[in-house]
Amino acid sequence: INHSFQLSIVNKALGTINSDLDTIVEVSKSHKLVLNGSKSKLLLFGMPDHQCMEVIIDGTLVVPSSCEKNLGILLDNQLKFENHVSSVLQKAYYKLKVLYMHANILSTDIKLKLTNSLVLSMISYSDVLFWPAITQRNRYSLQKLQNACLKFSFGKRKFDHVTPLLEASNWLTLDERFNVHLATLVYKVRHSQLPKYLYDKLITNNSIHGRATRNSRNFVVPKHRTSKFRGSFSYSAVKIFNGLPNSVLCRPSVG
């Protein structure tokens, strides 16, 4: 979609957006609540230019922004998560630095538990959202963080090999952790049928052709033209889930 066409779509929707916001403001006031326009920000995904947008909340023009935090995730208008990865790395290395102060009094087992719960948990949180979208450079930077946690836990030096440490710790690499988390999410969505906006993206083969085949319970891989689409939930979730063995797919629960 070219830029001018995007602008025409935005302008057409702008009147409806402001009208809906006026309705929300009135409903909020009727319930003694305040929708504060000065504390709201405008984040338009897919378009770096916000000059065409004038969103107004209760007479206040909403300030445009290119990146904002929502539920602990830094969302940028291009959904590249560069700021989020930088923030995670900065906070995680600081926590690892604090742990190094107590390295001599902690056992290897305790170090593994602490780094996993305090440091790597920052990556695991919502990795199903940002991991498919980030660049290989950012993935490598995050993997280096996990490597640093392993070297700290086993008392190794900077240039020591990590593969033996991964095997000794029984940890998965970050790519493998993402696959497990995404497969778990799809399993839960499939069985609970919630949230609906994700469940509707999972279409089984038998719902299309109606024939009972060996792969009839598998999900349909959506057609696509761009490599970027492979980072979407519709594609990556289906590919990972279809690759699971039947012994896992037929389990009554995640556990």
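User: Is Arg139 buried or exposed?

Analyst: This is a predicted model, in which local features need pLDDT of at least 70, side-chain atom pairs count only at pLDDT 80 or more, and totals for chains, interfaces and linings use all residues. Residues are numbered from 1 along each chain as its sequence is written, and side-chain values use heavy atoms, with hydrogens and water left out. Buried means under 20% relative accessible area, exposed over 50%, and partly exposed in between (1.4 Å probe, protein chains only). Arg139 has a relative accessible area of 18%, so the residue is buried.

User: Which residue forms a salt bridge with Arg139?

Analyst: A salt bridge is a side-chain nitrogen of Lys or Arg within 4 Å of a carboxyl oxygen of Asp or Glu. For Arg139 the N to O distance is 3.6 Å, and the partner is Asp175. The pair links helix H8 (residues 174-192) with helix H6, 36 residues apart; helices (H or I, at least four residues) and strands (E, at least two) are DSSP runs numbered from the N terminus.

User: How many salt bridges does a search of the whole structure find?

Analyst: Another pair is Arg137 with Glu82, at 3.2 Å from N to O. Arg137 is exposed at 53%, whereas Glu82 is partly exposed at 27%. The count for the whole structure is six.

User: Which element gives the most to the lining of the second largest pocket?

Analyst: A pocket is found on a 1 Å grid over the protein atoms alone, as an open set of points where a 1.4 Å probe fits, with protein on both sides within 12 Å along at least five of seven lines; lining residues have an atom within 4 Å of a point. The lining here includes Tyr140, Lys144 and Lys151. Two or more residues come from each of H2 and H6. With five residues, the largest contributor is H6.

User: What is the volume of the largest pocket?

Analyst: The residues nearest its centre are Leu79, Leu129, Gly231, Ser232 and Phe233, out of 33 lining residues. A volume is the space filled by probe spheres set on the grid points, which are joined across faces, edges and corners. For the largest pocket the value is about 960 Å³.
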